[in-house]
Each structure stands twice: as C-alpha cells, then as structure tokens.
Amino acid sequence: MLTRRSFIAAGTAALAGAPAILRAQAKWRAQPFSLGVASGDPSPDGFVIWTRLATAPLEPHGGMPVEPVPAMWEVATDEGFRSLVARGQATARPELAHSIHVEVAGLQPDRAYFYRFEAGGERSPVGRARTFPLAASAPQRLRFGMAGCQDYQSGYYTAYRHLADEELAFVFHYGDYIYEYGPDSPAVRAHVGDVLMSLDDYRRRYAQYRSDADLQRAHSAHPFFVTFDDHEVRNNWAGDFEDEDHAPPDVFRLRRQSAFQAWYEHMPVRRAQWPDGPAIRLYRGARYGSLARLDFLDTRQFRTNQPCGDGMKIACAEVRSAKAHMISAEEEAWLARNLAARDARWNLLAQQVMMMAIDRREHPGRTSGKTVNLDSWAGYEVQRERLLARMRGLNNVVVLTGDEHSNYAGLLHDRDRPVAVEFVGTSITSDGDGQDMPSWGPAYLANSPQLKFLNNQRGYLTCDVGRDELRANFMVVDRVSSPGGRLSKRATLVVERGVPALHPA
Ligand SMILES: [Fe+2]
C-alpha cells in the first residue's frame, strides 16, 4: 500500500505518459474519505456499502477532478481485514458526485462483517455491517434502532453518537435526513448556502451534513434502511405539489429530480432505488426470518395534495374524499399482500407520518372542534381506515413513524377496536433541546384517548423484538444545543403479540 505522499510523488513523476485517471489523482489536495462510509439494505447474503469521494466536500464536485476515479473495496470477517471474504473494484463517477454503491452478495447469513474502501492511495475508515438471518430461519430476537429529523441548524448529532454505541441489527431512518432551508439566524450550526434548488445545492447540503463526525460514526456502526420524508425535497411536498414556492407540477418535478438524484448519491441504497427522472422506487420490504416482516412505505411520492389547505386545522369534508390517498394503489396492494401473507410473528410498518388521528387542540376549550395534522394520515381518512381494517385480526402490527419531532406511543383503531400500536420516534435535533412535557402535551393527552405516551426531547428509539413481545425504548438526550448531551432511557413500552395494547415495562 502506497502512502498518500509517495503516491502523489510517484504520480507526479509519471505524469507525462500517465492515463487521465492517474493524473487526476496526483492533483488531490486532501484525503478523499471526508464523508465517511455507510452500509444499508441488509439481506441474508449481503448489503450495500457506500462512500463518496470528496477532498473538499463543500466545493463543486467535492473538490474532486471531474473525471472517473478508480477505487477498491474489501469485506472481511475481522476488523483487521486478515480474513477477506470479498473484494472488488469500483469507479467513482463525477455524474454521481463520485459516490460508490456496491451491492455485496454471497455472504453468510446473520453475521457481522467489516468493510473499507481505497482510493488515491488512501484507505477509508472501517465500517461494520450485518447480514439478515435466512428467510426460512426462526430467530428468537431482533434489536434495531430508528432515527430521523436531523436539522443541522437545530443542534449537535449527540444522539447519533450514542446510537453508534448500541448493539443493533440495523437502523430504520424515517426521513428528514437534510433540511432544504437557507441559513437560520441564530442557529446552533448554520447551513451553508441558500434554500436548495439545483442538484449542486442538494449535493452540497448532503456533504455538509455528512461531514459530521457523530453521523459518520452511526453510519459506520450499523447498516441503515433509509427512506425520505418531505425535507429531502421541500417542506410538506405531496406528489407533484408543493405549497412553499407555488411551482407548477411540471416545474416542481424538475426540482424533485435533482433532490432525488442527490438523495440516491448520498444514501446506502440498492440499484433498485436508482432515480429514474423524478421517480424513485422507495417502498420495499425485508424479512428477518420468521420473526419480523418489515415494510418500508413511501408516503410522499404518490400522495394527493394535502386537504383543506394543509396545516393543523379542524378537518374539512375533503379528508373523507375517496380520491385522496397517502400511498399509491400499487403500494397499497403490495402492503395488503404482505399483511395477508401472515408469515412472520410481527408486521413492522416502517413509515414517515403519524397514523393515529390525534386531536391537536393545544388547550382544551380554545378550539371548538377536533384539530388534526392534515399532512399526516389524518388528512387521508378513507385510505387510513381501509388500511386499519386490513390489520384487524392480525394482532401483530406495529407502526413505526417519525416526522413529529416528539416521541409518541398509542393505539390504532378499526372502528372501536384497537388493531395495532404506533411508536413515533422524536428527532435527532429538529426543534432543539425540547422538554419532557411541552406546553401543549396535557391537552393532546386529554383530548386523544388513544395516545398513551408523549415526550418532547431529542433522541432515538431502540426496539427489542422477541417471539411474544416487542419493547420500544425511548432514548433521549438532555440537550443538543451544545455538544456532550447525556443519554437516558425516558421510557420502555411493551406490546404483547396477539394483544394490540401498550404497557409500561
Ligand atoms: Fe422533520
């Protein structure tokens, strides 16, 4: 292995007859692994490994030459890479911001692996990933994490630092990985650049976020299943519509295309999630043996525009429109098939926006009627009720949600009968330090009998899944406005298989 200095010297000496790729490397100013490494979408025989080469992350092309750059990757069973099990070459192309996605296959099920990359005479940090157990196996336990909503301007990624230290099979990311806004003032950490519009804008924002050491640590510790919500594109977008800039649908689709390309470039996802113009196949499933089926939903790309002008309002008649939908007909049919298969102890619906239609009246008596979040499933009642009716009799559905920037747990009903539980994860940083019980909390709890738990601090969830019970641990940090926040377990809530109800541990 050449050191960087000797590599550059050798490259410079050989410049005259060297191919373009080698000449490009000789010009590198810094090590290219400034954005870390990541893995994702584990299966029983492999996972995706990811990196993006960038010597100067905030500069055009990440400071890289606008040329294809060769790289190598390795996977081993030990952290010292003495027992290599797979290796290969990859090309980091400027068309994809010099990102590299390798779908590693042929590995053993249910075991840990280590991976790393080499480029320009440099080695990347080492990442750790884990394969899933075989679909035909019957695992007794699964422990995973969930996180999202990580506005860089709202605070430090201390929660990710703690998440990295957990023992987890994977992390489910429920979206809002970046926020599209320009710089806030004051901000704990300011965004570089204005509101995101072009492909280069989105790329630079991902580069800024991915430069964070705590976020890199979480990615190198665990494989992620990533999804997106609204802020990867634009606040509260819905299908071809967005309300912030009033762009016509065909114009908005061009911006969405740029946002989707940058999302793909920066996420450890498979080729199946390749951006095809303004479209990405985001919804997808996974099976953790017979213990759990995971269905990752897409609640943005196909939805009809929010009813009643969006916002937190008393619902208008539009929320009961038969034409309104949160997920596409194809996605709904796919989900219905998976639920009907009854081939796992637990059905985990991993998605973005709250499914419980809780009452958002901030103070009892101030608003005369039930107030709902029209950007959540509460704005799409016909499809919501159809989905809840499909859960009846299964008694093993757990809905996993983000978006709210608060922790919630509660029950989902088909008519008067509870049919599932929902755990809503808070934010990593969005909305700042927070507090255990916010001013609006008591009213929410008093007006929403299905709601059993509420907390407004930052953090993440871990879920312990057994054959007969599932435990959600609400992990919170005492602050994000300065580094070094202390972690504590705010609550553990338990659901028993066969009984859609919640109990404290
Ligand atoms: Fe968010």
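Tutor: About 300 Å³ is the volume of the largest pocket. This is a predicted model, where local features need pLDDT of at least 70, side-chain atom pairs count only at pLDDT 80 or more, and totals for chains, interfaces and linings use all residues. Residues are numbered from 1 along each chain as its sequence is written, and side-chain values use heavy atoms, with hydrogens and water left out.

Student: What is a pocket here, and how is a volume defined?

Tutor: On a 1 Å grid over the protein atoms alone, a pocket is an open set of points with protein on both sides within 12 Å along at least five of seven lines; in a cavity a 1.4 Å probe fits but cannot get out; lining residues have an atom within 4 Å of a point. Points are joined across faces, edges and corners, and a volume is the space filled by probe spheres set on them.

Student: Which residues lie nearest the centre of the largest pocket?

Tutor: N236, M312, N373, D375 and D403, out of 14 lining residues.

Student: OK, how many cavities of 30 Å³ or more?

Tutor: One. The largest cavity holds about 50 Å³ of space. Of its 13 lining residues, N395, N396, V397, V495 and P500 are the closest to its centre.

Student: Switching to A147: buried or exposed?

Tutor: Buried (under 20% relative accessible area, 1.4 Å probe, protein chains only), as the relative accessible area of A147 is 0%.

Student: What does A147 touch?

Tutor: Leaving out residues up to four places away in sequence, the contacts of A147 include Y160, L163, F172 and Y460. Contact means heavy atoms within 4.5 Å. The C-alpha atoms of A147 and L163 are 8.9 Å apart.

Definitions and conventions. Buried means under 20% relative accessible area, exposed over 50%, partly exposed in between (1.4 Å probe, protein chains only).
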